Amino acid sequence: MVANQNTSEHPDAPPGNGAYFIDLVLQALASDSDVLDSTVLFLNYDENDGFFDHVPPPAAPAGTTGEFYDSTNIGLGFRVPMLVVSPWSRGGWVDSQVYDHTSVIRFMETWTTALGTPAACPNISAWRRQVCGDLTGAFNFASPVYGLPTLPSTAIVLAQTSCDPLPNPAPETNALPVQESGTRPARALPYQPNGSVDHFEFDASNKILLWLKMSNEGAVATNAAHFAVYANNYRSGGPWQYTVPAYNAATGTNGTAGDYYNIGSGYGNGAYDFTMIGPNRFLRHFAGNATTIGKNLETTSSYATASGTGDLAVWFTMTNAAASGKTAVFTITSNNYRTDGPWTYTVPAGGSASDYFNAVAYDNGWYDFTVTNNLDSSWSRRFTGHLETGTPSITG
(Lines give C-alpha, C1' and ligand atoms only; values in the text may rest on other atoms or scores of the structure.)
Protein backbone atom coordinates (compact mmCIF):
# COMPACT_ATOMS: atom_id res chain seq x y z
CA MET A 1 0.00 0.00 0.00
CA VAL A 2 1.16 3.51 -0.82
CA ALA A 3 -0.49 6.38 1.03
CA ASN A 4 -1.88 9.38 -0.81
CA GLN A 5 -0.21 12.77 -0.47
CA ASN A 6 -2.36 13.91 2.46
CA THR A 7 -1.50 10.86 4.58
CA SER A 8 2.04 10.20 3.31
CA GLU A 9 3.85 12.39 5.91
CA HIS A 10 5.74 13.87 2.98
CA PRO A 11 5.94 17.69 3.18
CA ASP A 12 3.67 19.39 3.50
CA ALA A 13 1.43 16.62 4.86
CA PRO A 14 1.38 16.55 8.69
CA PRO A 15 2.68 13.47 10.56
CA GLY A 16 -0.69 13.17 12.33
CA ASN A 17 -2.33 12.27 9.03
CA GLY A 18 0.15 9.45 8.60
CA ALA A 19 -0.68 8.13 12.05
CA TYR A 20 -4.36 8.09 11.09
CA PHE A 21 -3.65 6.16 7.88
CA ILE A 22 -1.53 3.53 9.65
CA ASP A 23 -4.23 3.12 12.30
CA LEU A 24 -6.78 2.42 9.58
CA VAL A 25 -4.52 -0.34 8.21
CA LEU A 26 -3.99 -1.88 11.66
CA GLN A 27 -7.68 -1.81 12.52
CA ALA A 28 -8.53 -3.43 9.19
CA LEU A 29 -6.12 -6.27 9.93
CA ALA A 30 -7.42 -6.57 13.49
CA SER A 31 -11.02 -6.94 12.29
CA ASP A 32 -10.19 -10.61 11.74
CA SER A 33 -8.00 -12.06 14.49
CA ASP A 34 -6.81 -14.93 12.29
CA VAL A 35 -5.59 -12.44 9.68
CA LEU A 36 -3.86 -10.25 12.27
CA ASP A 37 -2.18 -13.20 13.96
CA SER A 38 -0.72 -14.46 10.68
CA THR A 39 0.36 -11.14 9.16
CA VAL A 40 3.57 -9.11 9.05
CA LEU A 41 3.17 -5.40 8.33
CA PHE A 42 6.30 -3.62 7.11
CA LEU A 43 6.07 0.15 7.48
CA ASN A 44 8.69 1.65 5.13
CA TYR A 45 9.72 5.24 4.55
CA ASP A 46 11.48 6.47 1.43
CA GLU A 47 15.05 7.70 1.16
CA ASN A 48 14.45 11.39 1.90
CA ASP A 49 13.53 10.72 5.52
CA GLY A 50 17.15 9.94 6.33
CA PHE A 51 18.39 13.28 5.00
CA PHE A 52 19.92 14.33 8.31
CA ASP A 53 21.29 10.94 9.33
CA HIS A 54 24.79 10.96 10.80
CA VAL A 55 25.76 7.42 9.76
CA PRO A 56 27.32 7.13 6.28
CA PRO A 57 25.60 4.39 4.24
CA PRO A 58 27.65 1.41 3.05
CA ALA A 59 28.92 1.40 -0.52
CA ALA A 60 30.50 -1.41 -2.52
CA PRO A 61 34.26 -1.66 -3.12
CA ALA A 62 35.49 -0.37 -6.48
CA GLY A 63 34.56 -2.57 -9.41
CA THR A 64 31.79 -4.53 -7.69
CA THR A 65 29.47 -6.06 -10.28
CA GLY A 66 25.97 -4.60 -10.33
CA GLU A 67 26.75 -1.73 -7.96
CA PHE A 68 28.03 0.95 -10.36
CA TYR A 69 26.10 3.04 -12.86
CA ASP A 70 28.03 5.08 -15.41
CA SER A 71 31.17 4.59 -13.25
CA THR A 72 29.35 5.96 -10.18
CA ASN A 73 29.05 3.89 -7.02
CA ILE A 74 25.36 3.45 -6.19
CA GLY A 75 25.67 2.38 -2.57
CA LEU A 76 22.87 1.99 -0.05
CA GLY A 77 20.58 4.91 0.71
CA PHE A 78 20.73 6.83 3.96
CA ARG A 79 19.04 5.16 6.91
CA VAL A 80 15.28 5.60 7.13
CA PRO A 81 12.71 4.59 9.76
CA MET A 82 11.12 1.16 9.50
CA LEU A 83 8.59 -0.60 11.71
CA VAL A 84 7.91 -4.33 11.64
CA VAL A 85 4.47 -5.04 13.12
CA SER A 86 3.65 -8.69 13.77
CA PRO A 87 3.09 -11.24 16.56
CA TRP A 88 6.76 -12.21 16.22
CA SER A 89 8.24 -8.73 16.66
CA ARG A 90 6.22 -7.37 19.58
CA GLY A 91 8.01 -5.74 22.50
CA GLY A 92 9.79 -2.69 21.13
CA TRP A 93 12.79 -4.63 19.85
CA VAL A 94 15.56 -2.89 17.93
CA ASP A 95 17.32 -4.69 15.09
CA SER A 96 20.55 -2.95 14.04
CA GLN A 97 21.42 -5.32 11.22
CA VAL A 98 22.11 -3.61 7.89
CA TYR A 99 19.02 -3.67 5.67
CA ASP A 100 17.90 -1.76 2.59
CA HIS A 101 14.76 -1.66 0.44
CA THR A 102 15.80 -4.88 -1.32
CA SER A 103 15.59 -6.60 2.07
CA VAL A 104 11.80 -6.55 1.80
CA ILE A 105 12.09 -8.38 -1.53
CA ARG A 106 14.47 -10.86 0.07
CA PHE A 107 11.99 -11.48 2.88
CA MET A 108 9.48 -12.40 0.20
CA GLU A 109 12.08 -14.72 -1.33
CA THR A 110 12.62 -16.41 2.04
CA TRP A 111 8.87 -16.67 2.66
CA THR A 112 8.04 -18.16 -0.74
CA THR A 113 10.92 -20.61 -0.38
CA ALA A 114 9.53 -21.76 2.97
CA LEU A 115 6.17 -22.29 1.26
CA GLY A 116 7.85 -24.49 -1.35
CA THR A 117 7.28 -22.03 -4.20
CA PRO A 118 10.49 -19.98 -4.30
CA ALA A 119 10.34 -16.70 -6.22
CA ALA A 120 13.81 -15.19 -6.64
CA CYS A 121 14.52 -11.61 -7.70
CA PRO A 122 17.28 -11.46 -10.37
CA ASN A 123 17.97 -7.73 -9.87
CA ILE A 124 19.73 -7.81 -6.48
CA SER A 125 23.53 -7.84 -6.72
CA ALA A 126 25.61 -10.51 -5.01
CA TRP A 127 27.32 -7.77 -2.96
CA ARG A 128 23.99 -6.42 -1.70
CA ARG A 129 22.93 -9.94 -0.72
CA GLN A 130 26.16 -10.27 1.26
CA VAL A 131 25.88 -6.98 3.13
CA CYS A 132 22.11 -6.61 3.63
CA GLY A 133 19.89 -9.01 5.55
CA ASP A 134 16.49 -10.45 4.61
CA LEU A 135 14.69 -9.00 7.67
CA THR A 136 14.25 -12.38 9.38
CA GLY A 137 16.63 -11.13 12.08
CA ALA A 138 13.87 -8.81 13.31
CA PHE A 139 11.68 -11.73 14.41
CA ASN A 140 11.42 -14.25 17.22
CA PHE A 141 9.26 -16.93 15.66
CA ALA A 142 9.44 -19.10 18.79
CA SER A 143 7.59 -16.64 21.06
CA PRO A 144 4.70 -14.87 19.31
CA VAL A 145 2.46 -12.36 21.09
CA TYR A 146 -0.94 -12.40 19.42
CA GLY A 147 -3.58 -9.70 19.24
CA LEU A 148 -3.42 -5.94 18.88
CA PRO A 149 -2.58 -3.76 21.88
CA THR A 150 -4.91 -0.94 22.85
CA LEU A 151 -3.99 2.07 20.75
CA PRO A 152 -5.09 5.70 21.19
CA SER A 153 -7.57 7.13 18.72
CA THR A 154 -6.00 9.03 15.84
CA ALA A 155 -9.26 10.72 14.74
CA ILE A 156 -8.58 13.79 16.86
CA VAL A 157 -5.08 14.06 15.39
CA LEU A 158 -6.51 14.03 11.89
CA ALA A 159 -9.12 16.65 12.80
CA GLN A 160 -6.44 18.94 14.19
CA THR A 161 -4.07 18.68 11.25
CA SER A 162 -5.92 17.86 8.03
CA CYS A 163 -6.89 21.50 7.36
CA ASP A 164 -3.57 22.92 8.40
CA PRO A 165 -0.77 21.54 6.20
CA LEU A 166 2.64 21.46 7.77
CA PRO A 167 4.71 24.44 6.58
CA ASN A 168 8.40 24.31 5.77
CA PRO A 169 9.79 27.07 8.00
CA ALA A 170 13.42 28.05 8.23
CA PRO A 171 14.89 26.60 11.45
CA GLU A 172 15.03 29.04 14.34
CA THR A 173 18.03 27.30 15.85
CA ASN A 174 20.63 24.96 14.47
CA ALA A 175 20.83 22.79 17.59
CA LEU A 176 20.73 19.02 17.39
CA PRO A 177 17.54 17.42 18.77
CA VAL A 178 17.77 15.72 22.14
CA GLN A 179 17.84 11.94 21.89
CA GLU A 180 15.15 10.14 23.86
CA SER A 181 16.62 8.53 26.98
CA GLY A 182 16.40 4.87 27.90
CA THR A 183 17.26 1.57 26.24
CA ARG A 184 15.45 -1.10 24.27
CA PRO A 185 15.90 -4.84 23.87
CA ALA A 186 18.04 -5.57 20.82
CA ARG A 187 18.21 -8.52 18.47
CA ALA A 188 21.46 -10.44 18.09
CA LEU A 189 23.52 -9.43 15.05
CA PRO A 190 25.23 -11.74 12.55
CA TYR A 191 28.70 -10.15 12.58
CA GLN A 192 31.50 -9.22 14.98
CA PRO A 193 33.72 -6.49 13.49
CA ASN A 194 37.26 -5.79 14.65
CA GLY A 195 40.10 -3.66 13.33
CA SER A 196 43.64 -2.53 14.14
CA VAL A 197 46.90 -1.13 12.78
CA ASP A 198 48.76 -4.05 11.24
CA HIS A 199 52.20 -2.56 10.46
CA PHE A 200 54.17 0.22 8.72
CA GLU A 201 56.30 -0.02 5.59
CA PHE A 202 59.17 2.34 4.73
CA ASP A 203 61.22 2.74 1.54
CA ALA A 204 64.03 4.94 0.24
CA SER A 205 61.69 7.23 -1.74
CA ASN A 206 60.09 8.61 1.44
CA LYS A 207 56.98 6.53 0.91
CA ILE A 208 55.54 5.40 4.24
CA LEU A 209 52.64 2.96 4.17
CA LEU A 210 50.24 2.42 7.05
CA TRP A 211 48.56 -0.99 6.85
CA LEU A 212 45.16 -1.48 8.51
CA LYS A 213 43.49 -4.81 9.13
CA MET A 214 39.75 -5.51 9.36
CA SER A 215 38.13 -8.74 10.51
CA ASN A 216 34.71 -10.31 11.04
CA GLU A 217 35.15 -12.75 13.88
CA GLY A 218 33.71 -15.83 15.51
CA ALA A 219 30.80 -18.19 15.00
CA VAL A 220 28.27 -15.35 15.37
CA ALA A 221 29.67 -13.75 12.19
CA THR A 222 27.45 -15.50 9.67
CA ASN A 223 27.02 -12.43 7.41
CA ALA A 224 29.52 -10.20 5.64
CA ALA A 225 30.30 -6.89 7.36
CA HIS A 226 30.88 -3.57 5.66
CA PHE A 227 33.75 -1.28 6.71
CA ALA A 228 34.76 2.20 5.58
CA VAL A 229 38.00 4.08 6.31
CA TYR A 230 38.15 7.89 6.44
CA ALA A 231 41.19 10.19 6.43
CA ASN A 232 40.55 12.84 9.09
CA ASN A 233 43.70 14.85 8.46
CA TYR A 234 46.97 15.15 6.48
CA ARG A 235 45.67 13.70 3.22
CA SER A 236 42.66 13.61 0.91
CA GLY A 237 40.94 10.69 -0.75
CA GLY A 238 38.47 8.15 0.49
CA PRO A 239 36.38 7.00 2.02
CA TRP A 240 37.69 3.55 1.18
CA GLN A 241 35.08 0.78 1.19
CA TYR A 242 35.59 -2.86 2.25
CA THR A 243 33.38 -5.92 2.52
CA VAL A 244 34.70 -8.47 4.99
CA PRO A 245 33.27 -11.99 4.56
CA ALA A 246 31.66 -14.01 7.31
CA TYR A 247 33.44 -16.42 9.62
CA ASN A 248 34.22 -19.68 7.81
CA ALA A 249 32.84 -22.40 10.04
CA ALA A 250 34.31 -25.16 7.88
CA THR A 251 37.89 -23.96 8.37
CA GLY A 252 37.45 -22.08 11.65
CA THR A 253 38.88 -18.86 10.20
CA ASN A 254 37.69 -15.29 10.52
CA GLY A 255 36.84 -13.16 7.52
CA THR A 256 39.59 -10.58 7.00
CA ALA A 257 40.55 -7.68 4.76
CA GLY A 258 43.51 -5.31 4.73
CA ASP A 259 44.77 -2.28 2.89
CA TYR A 260 47.54 0.32 2.97
CA TYR A 261 47.49 4.13 2.97
CA ASN A 262 50.37 6.37 1.93
CA ILE A 263 51.28 8.62 4.87
CA GLY A 264 54.74 9.63 3.55
CA SER A 265 55.96 12.60 1.53
CA GLY A 266 53.04 14.82 0.58
CA TYR A 267 50.61 12.77 2.64
CA GLY A 268 51.49 13.89 6.17
CA ASN A 269 55.22 13.10 6.07
CA GLY A 270 54.63 10.35 8.60
CA ALA A 271 51.69 11.86 10.47
CA TYR A 272 48.37 10.02 10.15
CA ASP A 273 44.81 10.24 11.42
CA PHE A 274 42.26 7.67 10.22
CA THR A 275 38.84 6.48 11.37
CA MET A 276 37.48 3.02 10.57
CA ILE A 277 33.74 2.46 10.92
CA GLY A 278 31.53 -0.60 10.67
CA PRO A 279 28.06 -1.85 11.62
CA ASN A 280 26.28 -1.15 14.92
CA ARG A 281 28.43 1.82 16.02
CA PHE A 282 31.74 -0.02 15.49
CA LEU A 283 34.60 2.50 15.33
CA ARG A 284 38.39 2.50 15.43
CA HIS A 285 40.46 5.70 15.44
CA PHE A 286 44.22 5.59 14.73
CA ALA A 287 46.41 8.69 15.12
CA GLY A 288 50.15 9.18 15.41
CA ASN A 289 53.37 9.70 13.48
CA ALA A 290 55.42 6.96 11.84
CA THR A 291 58.63 9.04 12.16
CA THR A 292 58.54 9.22 15.96
CA ILE A 293 58.94 6.61 18.69
CA GLY A 294 55.22 5.96 18.40
CA LYS A 295 55.87 3.79 15.35
CA ASN A 296 57.18 1.16 17.78
CA LEU A 297 54.11 1.21 20.01
CA GLU A 298 50.84 -0.54 19.31
CA THR A 299 47.60 -1.66 20.91
CA THR A 300 45.33 -4.23 19.29
CA SER A 301 41.92 -5.51 20.31
CA SER A 302 40.53 -9.03 20.39
CA TYR A 303 37.48 -10.84 21.76
CA ALA A 304 37.72 -13.79 24.14
CA THR A 305 36.19 -15.04 27.36
CA ALA A 306 37.27 -13.35 30.57
CA SER A 307 39.44 -15.35 32.95
CA GLY A 308 37.38 -17.23 35.50
CA THR A 309 33.98 -15.89 34.41
CA GLY A 310 33.25 -17.37 30.99
CA ASP A 311 31.83 -14.01 29.84
CA LEU A 312 32.90 -12.58 26.51
CA ALA A 313 35.25 -9.63 26.97
CA VAL A 314 37.23 -7.17 24.87
CA TRP A 315 40.99 -7.66 25.30
CA PHE A 316 43.74 -5.14 24.63
CA THR A 317 47.33 -6.16 23.90
CA MET A 318 49.90 -3.37 24.27
CA THR A 319 53.33 -3.87 22.70
CA ASN A 320 56.54 -1.86 22.96
CA ALA A 321 59.10 -2.47 20.20
CA ALA A 322 61.06 0.68 21.07
CA ALA A 323 64.84 0.71 21.48
CA SER A 324 66.38 -0.66 24.65
CA GLY A 325 65.68 1.45 27.73
CA LYS A 326 62.50 3.07 26.41
CA THR A 327 59.82 1.91 28.81
CA ALA A 328 56.28 2.79 27.72
CA VAL A 329 53.38 3.47 30.04
CA PHE A 330 50.05 2.84 28.32
CA THR A 331 46.88 4.40 29.70
CA ILE A 332 43.41 3.06 28.90
CA THR A 333 40.56 5.50 29.51
CA SER A 334 36.84 4.77 29.28
CA ASN A 335 34.95 7.30 27.14
CA ASN A 336 31.49 5.85 27.79
CA TYR A 337 29.65 3.07 29.65
CA ARG A 338 32.16 2.75 32.52
CA THR A 339 32.89 5.33 35.19
CA ASP A 340 36.01 3.76 36.75
CA GLY A 341 39.60 3.90 35.55
CA PRO A 342 41.85 5.00 33.98
CA TRP A 343 44.09 1.96 33.91
CA THR A 344 47.88 2.11 33.36
CA TYR A 345 50.32 -0.55 32.16
CA THR A 346 54.11 -0.33 32.23
CA VAL A 347 55.64 -2.16 29.27
CA PRO A 348 59.45 -2.42 28.95
CA ALA A 349 61.24 -2.29 25.60
CA GLY A 350 60.60 -5.50 23.70
CA GLY A 351 57.71 -6.39 26.00
CA SER A 352 53.93 -6.54 25.94
CA ALA A 353 50.97 -6.52 28.31
CA SER A 354 47.35 -7.63 27.97
CA ASP A 355 44.18 -6.97 29.90
CA TYR A 356 40.46 -7.51 29.40
CA PHE A 357 37.29 -5.56 30.09
CA ASN A 358 34.16 -7.59 30.75
CA ALA A 359 31.76 -5.54 28.64
CA VAL A 360 29.05 -8.20 28.45
CA ALA A 361 28.70 -8.63 32.21
CA TYR A 362 28.81 -4.90 33.05
CA ASP A 363 27.71 -2.89 30.00
CA ASN A 364 25.42 -5.13 27.92
CA GLY A 365 28.32 -5.77 25.56
CA TRP A 366 29.10 -2.10 24.82
CA TYR A 367 32.62 -0.68 25.10
CA ASP A 368 34.38 2.59 24.27
CA PHE A 369 38.04 3.03 25.27
CA THR A 370 40.94 5.27 24.25
CA VAL A 371 44.58 4.18 24.65
CA THR A 372 47.48 6.65 24.95
CA ASN A 373 51.10 6.42 26.08
CA ASN A 374 53.78 8.52 27.77
CA LEU A 375 56.38 8.40 24.97
CA ASP A 376 54.45 9.98 22.08
CA SER A 377 51.66 12.48 22.71
CA SER A 378 50.53 12.34 19.07
CA TRP A 379 49.78 8.61 19.33
CA SER A 380 46.31 7.34 20.28
CA ARG A 381 43.96 4.46 19.55
CA ARG A 382 40.19 4.41 20.14
CA PHE A 383 38.12 1.23 20.28
CA THR A 384 34.31 1.41 20.23
CA GLY A 385 31.74 -1.29 19.56
CA HIS A 386 29.52 -4.07 20.84
CA LEU A 387 30.28 -7.69 21.68
CA GLU A 388 27.92 -10.18 20.06
CA THR A 389 27.14 -13.43 21.88
CA GLY A 390 24.49 -14.81 19.55
CA THR A 391 21.77 -13.88 22.07
CA PRO A 392 19.57 -10.79 22.53
CA SER A 393 21.13 -7.70 24.07
CA ILE A 394 20.26 -4.12 25.05
CA THR A 395 20.73 -0.96 23.00
CA GLY A 396 23.57 1.34 24.10
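Two strands pair if DSSP finds at least two bridges between them. The views below are taken from a predicted model.

**View 1. Strands S7 and S10 pair in antiparallel fashion.** Strand S7 covers residues 208–216 and is joined to S10 by 8 bridges. Strands of a sheet pair through backbone hydrogen bonds, either parallel or antiparallel.

**View 2. An open sheet is built from 3 strands in the order S6-S7-S10.** The pairing within this sheet is antiparallel. Strand S6 (193–202) and strand S10 (255–262) are the edge strands, each pairing on one side only. From one strand to the next, the twist averages 20°.

**View 3. His-226 is a buried residue of the model.** This histidine belongs to strand S8, which spans residues 225–231. His-226 counts as buried because its relative accessibility is 10%, and the cut-off for buried is under 20%. Leaving aside residues up to four places away in sequence, His-226 touches Pro-58, Ala-59, Trp-127, Val-131, Gln-241, Tyr-242, Ile-277, Gly-278 and Pro-279.

**View 4. The side chain of His-226 has polar partners in Gln-241 and Ala-59.** With the side chain of Gln-241, the His-226 side chain makes a polar contact of 2.6 Å.

**View 5. His-226 and Ser-324 are shown together with their C-alpha atoms.** The two residues are 98 residues apart along the chain, and 40 Å separates their C-alpha atoms.

Terms used
Residues are numbered from 1 along each chain as its sequence is written. This is a predicted model: local features need pLDDT of at least 70, side-chain atom pairs count only at pLDDT 80 or more; totals for chains, interfaces and linings use all residues. Side-chain values use heavy atoms; hydrogens and water are left out. Helices (H or I, at least four residues) and strands (E, at least two) are DSSP runs, numbered from the N terminus. Buried means under 20% relative accessible area, exposed over 50%, partly exposed in between (1.4 Å probe, protein chains only). Contact means heavy atoms within 4.5 Å. A polar contact is a pair of N or O atoms within 3.5 Å; within protein, one must be able to donate a hydrogen and the other to accept it, and residues adjacent in sequence count only if both atoms are side-chain atoms. Axes are lines fitted to C-alpha atoms, for helices over the stretch in contact, and angles run from 0 to 180 degrees between N-to-C directions.
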